[in-house]
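Please view the sequence and the model together while reading.

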Amino acid sequence: PPDLLIPDRTTLDPGGVQATVRYLGRGHTDNDLVITIGDVLFAGDLVEEGGPPSFDDSYPISWAAVLGQIADSGCGVVVPSHGKVVDRDFVVGMAQQMEEVVKRAQDSIGDGRSVDEAAVDGLDLPVPVARIAIGRAYSELGAEASPKSR
């Protein structure tokens with residue numbers, strides 16, 4: 001089992017290669033780490049290529065900010081947990097997708113809509129994935145997942 005607590009940032013030297021390990025905040029989960037070696041950033045599940053992101057344990061509001069940090073890191077290559085190696089533009093697009101989820105959740109909460117009503121259309125996600133994403137955003141915003149009684 002893991003036996004090293006990583007603060008916000010630490011440097012390791014496995015086999016003569018300097019690796020910087022950083023915690024950028026909550027995203028895919030509440031404990032994602034990124035590793036940078038040279039200009040390559042290993043993003044784990046913070047970046048997912050080839051399919052929609054997995055939102056089951058996510059924090060979409062924070063995830064958008066973390067993706068912004070990854071995009072601004074100056075790394076030329078980002079290695080996701082799933083799919084092909086990506087670049088900054090891909091990460092920026094994923095951050096925009098998170099921001100759309102958050103905006104939809106905020107607007108839907110303001111309109112008194114349920115998660116199901118909010119997830120029906122307009123997001124570039126399959127509806128079952130959008131339901132989970134919107135529900136997680138509702139939770140992160142401290143809102144109930146069903147419309148309030150009027």
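Helices (H or I, at least four residues) and strands (E, at least two) are DSSP runs, numbered from the N terminus. On that basis the protein has 4 helices and 5 strands. The model is a predicted one.

**Overall layout**
- From the N terminus on, the elements follow the order β-β-β-β-α-β-α-α-α.
- The C-alpha trace spans about 65 × 30 × 25 Å along its principal axes.
- The protein has 150 residues, of which 40% count as buried.
- Its accessible surface comes to about 8,200 Å², and carbon and sulfur atoms account for 51% of this.

**The largest nonpolar core**
- This core holds 34 residues, and the members that touch the most others are Val 47, Leu 67, Ile 70, Val 78, Val 91 and Ile 134.
- At least two core residues come from each of β4 (40-48), α1 (60-71), α2 (88-111), α3 (115-118) and α4 (127-140).
- Leaving aside neighbours within four places in sequence, Val 47 has contacts that include Leu 67, Ile 70, Val 78, Phe 90 and Val 91.

**Helix α2**
- The 24 residues of α2 should span 34 Å at 1.5 Å a residue, and the end C-alpha atoms are 34 Å apart, so the two values agree.
- At the start of α2, a side-chain oxygen of Asp 87 lies within 3.2 Å of the backbone nitrogen of Asp 89.
- Buried residues of α2 include Val 91, Met 94, Gln 97, Arg 104 and Ser 108.
- The cover over the buried residues of α2 includes β4, α1, β5 (77-82), α3 and α4.
- Just after α2, Gly 112 adopts a positive phi of about 75°.

Technical notes
Residues numbered from 1 in each chain as written. Predicted model: local features only at pLDDT ≥ 70, side-chain atom pairs only at ≥ 80, totals over all residues. Heavy atoms only, no water. Core = buried A, V, L, I, M, F, W, Y, C linked by side-chain atoms within 4.5 Å. Buried < 20%, exposed > 50% of the residue type's maximum accessible area, 1.4 Å probe, protein only. Contact = heavy atoms within 4.5 Å. Expected span 1.5 Å × (residues − 1). Polar contact = N/O pair within 3.5 Å; in protein donor to acceptor, adjacent residues only side chain to side chain. Areas by Shrake-Rupley, 256 points an atom, 1.4 Å probe, with all protein chains shown as cover.
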